[in-house]
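Keep the sequence beside the structure as you read.

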Amino acid sequence: MLELTYYTRERCPLCDEGKEQIKLALSELRYSDVKMRTIDIDQDDALQEEYMIRVPVLVHEGRVVQEGIIDFVYVYDYLKDILGK
C-alpha cells in the first residue's frame, strides 16, 4: 500500500487542483492501493506555521515530493519510480 500525506487548507484552489493532479497520476498508473491522508493545516498552529505559504504539500514517507503547484508529470514520474512501473 502506498501512503501519501497531503497538507492543504480550505478555500485553496491550488490545493484542489493538486489533489486532482495526484488522482490523475494514480489513475494513469492504474494504481489504486493508496491511502492519502489529507491534513488541513489550519487545524493545528504548528502545521500552520510550517506550511502556511507552502501549501499544497505532498509528502511520502516523510519526504516532500512537491509543494506549491502540484504537477502531474512530476508526481507521475515520482510515483512510477517508487512503484517500479
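Are Arg11 and Glu10 buried or exposed? Arg11 is exposed, and so is Glu10. Here buried means under 20% relative accessible area, exposed over 50%, and partly exposed in between, with a 1.4 Å probe and protein chains only.

Some ground rules come next. This is a predicted model, in which local features need pLDDT of at least 70, side-chain atom pairs count only at pLDDT 80 or more, and totals for chains, interfaces and linings use all residues. Residues are numbered from 1 along each chain as its sequence is written, and side-chain values use heavy atoms, leaving out hydrogens and water.

Start with helix α3, residues 72-83. Helices (H or I, at least four residues) and strands (E, at least two) are DSSP runs, numbered from the N terminus. Helix α3 has twelve residues and reaches 16 Å from its first C-alpha to its last, close to the 16 Å expected at 1.5 Å a residue. That expected span is 1.5 Å times one less than the number of residues. Its buried residues are Val75, Tyr78 and Leu79. Seen down the axis of α3, they fall within an arc of 95°, so they line one face of the helix. The arc is taken from the directions from the helix axis to the C-beta atoms. An α-helix has 3.6 residues a turn, so residues three or four places apart point the same way.

The buried residues of α3 pack against β1 (2-8), α1 (13-28), β3 (57-60) and β4 (63-67). Contact means heavy atoms within 4.5 Å. Just after α3, Gly84 takes a positive phi of about 70°.

Now look inside. The largest nonpolar core has 24 residues. Such a core is a set of buried Ala, Val, Leu, Ile, Met, Phe, Trp, Tyr and Cys residues joined through side-chain atoms within 4.5 Å. Val75 and Leu79 are among the residues with the most contacts inside this core, and so is Ile22. Ile22 touches Leu4, Tyr6, Met36, Leu58, Ile70 and Val75, not counting residues up to four places away in sequence.

Finally, the charges. The structure holds three salt bridges, each a side-chain nitrogen of Lys or Arg within 4 Å of a carboxyl oxygen of Asp or Glu. Arg11 and Glu10 form one, at 3.6 Å, N to O. Arg9 and Asp42 meet at 2.6 Å, N to O. Arg54 pairs with Glu67, the closest N and O atoms being 2.8 Å apart. Arg54 lies in the loop between α2 and β3 and Glu67 in strand β4, so this pair ties together parts 13 residues apart in sequence.
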